[in-house]
Each structure stands twice: as structure tokens, then as C-alpha cells.
Amino acid sequence: MDPKRSHPGAAGGRDGSPVPEPKRQGSSTAAVHAGEPRQKLGNALTTPIVQTATYTFANTQELRDHFEHRIEREEYGRYGNPTQRTAEEKLAALEGAEDCLLFASGMAAMTTTLFAMLSRGAHVVVTDDSYRRTRQFLNQVLHRYGVEVSTVPAGDFDAIEDAIRPTTRILLSESPTNPYNCVLDLERFGELGRRHRVKTIIDATFATPYNQRPLEYGVDLVFHSATKFLGGHNDLLAGAVLGSTELIDGVRAMQGITGAVVDPFAAYLLIRGLKTFALRIERQNASAQAIAEFLAAHPKVVRVHYPGLPTHPNHEVARRQMRGFGGVVSFEVHGDLATASRLVDACRIPQIAPSLGGVESLIEQPALMSFYELTTEERLQIGIKDNLIRYSVGIEDAPDLIADLAAALEKI
Ligand SMILES: *Cc1c(COP(=O)(O)O)cnc(C)c1O
């Protein structure tokens with residue numbers, strides 16, 4: 001096992017020898033307990049939802065002590081909430097990060113982080129095959145404020161390096177990417193950033209900290225849409241940014257201005273969803289692998305994009321740096337847009353919806369769901385094929401999901 005991956009391995013101590021102190025708690029233990037004080041308000045076992053907009057000061061002296069940093073306490077809802085803090089500390093433990101900051105959505109996290117780190121004249125290198133709104137924020141919104149953006153093919157390190165300029169401040173990529181599941185060599189990515197003194201950011205939404213921990217490979221900031229696998233129940237919106245205290249402090253100051261804070265109830269739902277995090281991801285990894293293998297052997301399927309398959313171009317990199325290959329399987333069927341739609345419509349278990357990572361399986365055609373208003377030619381230019389289907393594998397029984405897909409494939 002790669003020593004960088006500090007997932008707990010075999011437990012010692014059966015023969016009475018001292019049990020070695022694990023470097024870090026396992027994902028399940030951290031998901032259940034990390035960030036939570038042992039005794040909580042009202043002796044409750046679960047984390048209370050502190051549903052308040054503001055916090056009271058006993059007197060003016062306490063106010064002075066707060067502003068002069070003599071005491072630690074909350075001030076106003078936009079600057080933090082105890083329920084939010086518990087969720088942040090849990091995520092920081094899972095990711096192995098010094099600090100974490102939660103937001104109202106993944107995009108709130110992304111936009112606030114980029115606002116915090118960029119100024120007029122700055123340049124960003126972003127890889128293609130990434131979340132459409134992230135690219136739009138860079139190329140359309142930030143561009144209006146004088147930020148320059150270069151888009152390069154995901155995983156093409158020569159192209160990334162060639163795109164770096166003296167004004168480059170950020171290298172940004174997903175890994176695995178959406179929807180093609182490209183996996184970036186994170187060590188190389190982090191090293192490239194350090195060599196050029198450019199901050200590196202990985203949107204690791206598809207992987208989750210169960211499968212991959214980019215900070216351990218020298219990446220500066222990790223981003224998650226917590227709406228997806230972290231929340232895991234398709235019932236909340238949230239986003240997270242994780243990294244060093246220094247970088248997160250800068251983003252937190254910007255969040256205090258932009259106000260994209262997570263609601264205390266959403267933070268509670270996230271804590272609740274995270275309790276089963278490791279169980280869910282293990283199941284989703286295993287089922288996605290089985291589905292990918294089933295699809296890869298099916299005559300009506302042209303290609304399967306899943307890093308757990310040996311045929312995937314980044315399989316070796318994925319094996320080195322990932323513990324599991326994730327719960328999203330993208331695949332192309334023989335035929336056109338309509339053929340793919342027929343398959344989507346014929347499935348009885350997965351629901352047709354955007355999003356991914358929850359307990360319910362979801363299915364969609366990226367060409368229609370995310371890029372509806374574009375023509376086939378425009379979509380092809382950005383690599384989105386009409387016959388492409390993205391399947392987010394839930395926690396249902398894999399044999400049921402496979403039987404359902406098999407029956408649906410019969411109908412196209
Ligand atoms: C969903 C998603 C986002 C945006 O997150 P929201 O919570 O929907 O705002 C960003 N990146 C990736 C890879 C995503 O899947």
C-alpha cells in the first residue's frame with residue numbers, strides 16, 4: 001500500500017502487544033465521531049442544530065474580548081455557526097486537512113474561493129471536462145473583471161505547463177473529471193504548482209476523501225460539492241473547501257463578505273449523512289465496478305469510462321492514488337441521442353435527474369441534462385457526445401441495478 005495513504009490497515013494487538021497508535025482514525029470512525037465533542041449541549045448524543053442568526057454578548061467587555069481575540073466565540077451567523085463548525089471539523093478529519101470551510105452550495109464554495117484568490121490581471125489554468133458552471137464562472141464572470149483563463153485538456157501535463165504565465169495564480173482541475181472520469185496524477189499536479197509557485201486546486205467531488213486525498217499529494221486546496229457523495233441523500237446543498245489554515249482563513253474572510261454560508265440545518269443534514277459515509281462509498285465503489293464491468297462486456301455499449309477498468313487510460317494512476325474508483329460510471333451506447341434517451345427512459349430503478357452521489361441511483365444524458373441548448377456540433381467541440389450516459393450508482397443492490405440495465409439495453 002502506498003505509504004502516503006494513511007488509511008488504517010491491519011489492527012495489531014491480538015497477542016497482547018501494545019496496539020500501535022494509528023496515524024489517523026479510519027474513515028468510518030472519523031465519519032461517525034470526528035469534530036463532535038463527547039458531551040454536547042443538553043447531553044444530547046447528536047449534534048444540536050443551533051438555529052440562530054446572531055449571538056449575544058453578556059456585556060461590552062465580552063465584546064471587547066472577542067474583537068481583541070482574547071476569547072473564542074461566535075459573533076454573527078454569516079461568520080459561523082457551531083453546527084457548521086462540527087461538520088467542518090468532521091470533513092477536515094476525513095480529508096486530512098488543517099481546516100475546512102462550508103458553503104451554501106458547491107458553486108458558492110468555488111466562486112468565493114476564486115474571488116478570494118484572484119485579482120485583476122491574474123491568470124488561471126483550468127482543465128476541460130470540468131463542471132460547466134465552474135468554467136462559466138471563470139470564462140464569463142471573472143473574465144469581465146480582468147481575469148484571464150486558459151483551458152487545457154484534462155491530464156495533459158505538457159499543455160498545463162505550457163499554459164502557465166508569470167501572472168498565473170491557480171491551476172484548477174477535477175479528478176476524476178465529469179463526465180469522463182479522467183484521473184489526474186495528483187503528485188505531478190502538486191509538484192507543477194510548487195515549481196511555478198502557483199496554487200493548485202482539485203475538485204474532488206467525484207472521488208470523496210474515502211477514495212482519494214489530494215492534500216497528501218501536495219495539492220493546495222481540495223474542493224467538494226457536498227451536495228453529492230458527502231451529504232449522500234440527495235436532500236441538501238452544500239460545498240466545502242479544505243486546505244491549510246492560512247489559505248482557508250483567506251477564503252473565510254471573503255465568505256464573510258460574499259455571504260455564501262451554509263444553513264445550520266443543512267450542516268446538520270450533512271453531519272447526519274456523513275455518519276454512513278464510509279459504508280455508502282464502499283457499496284457505491286463496489287456496485288459501480290460491477291456495473292462498469294457488465295457494461296464493458298455488453299454488445300450494445302461502445303465504451304465505458306470508469307477508472308476501475310483496466311482499459312481506462314488512467315487506470316494505473318487511479319490504482320496508485322485511489323482507494324476505490326468512485327460511484328459514477330459514464331458510458332456510450334451504439335446509436336445516437338435518441339438511442340441513449342431510449343435507454344435512459346427504459347431504466348426502472350435509477351431516476352432521471354442531474355446530480356450524483358446519493359443513495360438513490362440517478363441516470364442522465366449529459367448532452368441533454370447539462371448542455372441542452374447547444375447543438376450536437378457545439379457539444380462535440382467540448383467533448384460531450386450525444387450517445388453518452390452518466391450513471392450515478394446509489395446503494396441499491398448491484399444485481400438489481402444490473403438486471404435493470406440489462407432489461408433496458410434489450411429495449412434499444
Ligand atoms: C455538482 C458539482 C459542482 C457544483 O456543486 P453544487 O453543490 O451543485 O453547487 C461542482 N463540481 C462538481 C464536480 C460537481 O459535480
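1. Asn43 is exposed, since its relative accessible area is 63%, where exposed means over 50%, buried under 20% and partly exposed in between, with a 1.4 Å probe and protein chains only. Asn43 also has a positive phi of about 60° although it is not a glycine, and its place is the loop between helix H1 (27–33) and helix H2 (60–67); helices (H or I, at least four residues) and strands (E, at least two) are DSSP runs, numbered from the N terminus.

2. This is a predicted model, in which local features need pLDDT of at least 70 and side-chain atom pairs count only at pLDDT 80 or more, while totals for chains, interfaces and linings use all residues. Residues are numbered from 1 along each chain as its sequence is written, and side-chain values use heavy atoms, with hydrogens and water left out.

3. His69 likewise has a positive phi, near 60°, and is a residue other than glycine. His69 is found in the loop between H2 and helix H3 (82–95), and with a relative accessibility of 71% it counts as exposed. As background, most residues other than glycine have a negative phi, and most peptide bonds are trans.

4. The structure holds four aromatic pairs, a pair being rings of Phe, Tyr and Trp (its six-membered ring) with centres within 6.5 Å, where planes under 30 degrees apart count as stacked, over 60 as edge-to-face and the rest as tilted. One of them joins Phe115 and Phe137, whose ring centres are 5.4 Å apart and whose planes stand at 85°, so the pair is edge-to-face. Because Phe115 lies in helix H4 (residues 106–117) and Phe137 in helix H5 (residues 132–144), this pair ties together parts that are 22 residues apart in sequence. Phe115 counts as partly exposed at 33% relative accessibility, whereas Phe137, at 7%, counts as buried.

5. Arg73 lies over the face of Phe57, at 3.7 Å from the ring centre, and the charged end of Arg323 sits over the ring of Tyr210, 4.1 Å from its centre.

How values were computed:
A charge sits over a ring if NZ of Lys or CZ of Arg is within 6 Å of the ring centre and within 35 degrees of the ring normal.
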